[in-house]
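Work through the exercises below with the sequence and the coordinates open. Each task is followed by a solution in steps.

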Amino acid sequence: MSATLYMPIPAIIERIEDETPDIKTFTIRPVEPIPFAAGQFVELAVPGIGEAPFTPSSSPKISEYMEITIMRTGRVTDWLHTMKEGDEVGVRGPMGRAYPIEEFHDREILIVGGGCGVGPLRSLMLALLEDLQHYARIIVRYGARTPDSIVFKDAQMHGWGQGDALDVMLTVDEAAPGWNGHVGLITEILEEDYLDCHASDGIAVMCGPPVMMKFGTDKLLERGYHPKNIYLSMERNMSCGIGQCGHCRLGRYYICKDGPVFSYQEVQANPRLWDD
Ligand SMILES: Cc1cc2nc3c(=O)[nH]c(=O)nc-3n(C[C@H](O)[C@H](O)[C@H](O)COP(=O)(O)OP(=O)(O)OC[C@H]3O[C@@H](n4cnc5c(N)ncnc54)[C@H](O)[C@@H]3O)c2cc1C
Ligand code: FES
């Protein structure tokens, strides 16, 4: 096992961008490159405070620096949100199982994101966009609470910079003045009226809050996606990140080691699948 899984590599916070009132994207530059694959995660250590797992939101083709999109929810994330450009953090990783991206070749890929879940999906998205010719079609369906809480708003509103090459649709739970897009839950824009897809052999990838993943998965199954072709990025409280402490157990799996990416087929039997 690599030393970087035990010992954090020092990294400097190079840039901090506000995405929404409670989500920021941090660009960090480690003292040595950290190669990762889309879907893998790192443990980010804040000296004297603690560490927490995050999935990079930047392209996996870049290892010299890494972007991580972080929502404040508690001790470590609150502290990270007070940090400044030039401050130091530590990075352990990468850890866990990535998306099986070679299996996606020549297929239609539907990316479904909710809230901050689009951070981890952006890394996959950038990997797909860099080799667009390998995929039949890429569709994005994203839901946020309000227009102000849409993450990567510019990129999403402008089709991730690819013009008509991608089919992107956003929805918000509650509209606000100036919002002309759809209003309603993410499951609505997965309905036939808003999503023309080849469900029987398409790949669907989802990341977001557990309740959104639960109802989103039900909708995808109803639309005809096969459980083995629905990929979920699971999040649980973690500690060691390397399959030793048991904190992240999901039935016979450890999310840190066997996941965080699972096909729905692998985990569907677990009655605690959608627990927070
Ligand atoms: C593989 C993986 C990838 C992740 N990627 C991202 C990411 O890209 N961006 C991001 O913003 N967050 C991500 N998370 C969630 C992030 O790790 C938690 O928000 C963070 O650990 C909270 O730490 P804290 O010290 O700030 O909060 P705490 O003080 O530990 O807890 C605050 C609240 O959040 C809950 N909580 C703590 N950890 C988690 C967790 N892992 N999942 C769900 N609830 C939790 C606690 O039960 C508590 O209610 C990821 C989690 C995992 C497991
Ligand atoms: S976090 Fe320790 S076993 Fe997964």
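This is a predicted model: local features need pLDDT of at least 70, side-chain atom pairs count only at pLDDT 80 or more; totals for chains, interfaces and linings use all residues.

**Exercise 1: D106**

Task: find where D106 lies, and decide whether D106 counts as buried or exposed.

Solution. 
- Step 1. The loop between strand 6 and strand 7 contains D106.
- Step 2. Its phi is near 70 degrees, a positive value in a residue other than glycine.
- Step 3. A residue is buried if 20 or more other C-beta atoms lie within 10 Å of its own, exposed if 12 or fewer, and partly exposed in between, with C-beta atoms placed from the backbone.
- Step 4. D106 has 9 C-beta neighbours inside 10 Å, so D106 counts as exposed.

**Exercise 2: helix 4**

Task: compare the span of helix 4 with the expected one, and list the buried residues of helix 4.

Solution. 
- Step 1. The expected span is 1.5 Å times one less than the number of residues.
- Step 2. Helix 4 (residues 210-223) has 14 residues, and its first and last C-alpha are 20 Å apart, close to the 20 Å expected.
- Step 3. M212, M213, G216, T217, K219 and L220 are buried.
- Step 4. These residues line one face of helix 4, because they fall within an arc of 165 degrees seen down its axis (the arc is that of the directions from the helix axis to the C-beta atoms).
- Step 5. V211, D218 and E222, on the other side of helix 4, are exposed.
- Step 6. The cover over the buried residues includes strand 7 (108-114), strand 8 (137-144), strand 11 (203-207), strand 12 (230-233) and helix 6 (264-267).
- Step 7. G224 follows helix 4 and has a positive phi, near 110 degrees.

**Exercise 3: domains and core**

Task: say how many residues of domain 1 are in contact with domain 2, and which residues have the most contacts inside the largest nonpolar core.

Solution. 
- Step 1. The domain assignment (automatic or from a database) gives domain 1 (3-95) and domain 2 (101-233).
- Step 2. Their C-alpha centres lie 24 Å apart.
- Step 3. Contact requires C-beta atoms, placed from the backbone, within 7 Å; 15 residues of domain 1 are in contact with 15 residues of domain 2.
- Step 4. On the side of domain 1 that touches domain 2, strand 1 (9-20) and strand 5 each supply at least two residues.
- Step 5. A nonpolar core is a set of buried Ala, Val, Leu, Ile, Met, Phe, Trp, Tyr and Cys residues joined through C-beta atoms within 7 Å.
- Step 6. The largest has 68 residues, and I111, A204 and V205 have the most contacts inside it.
- Step 7. Each of domain 1 and domain 2 gives this core at least three residues.

Technical notes. Residues are numbered from 1 along each chain as its sequence is written. Chains are lettered from A and ligands numbered from 1 in the order in which they are written. Helices (H or I, at least four residues) and strands (E, at least two) are DSSP runs, numbered from the N terminus. Two residues are in contact if their C-beta atoms, placed from the backbone, lie within 7 Å.
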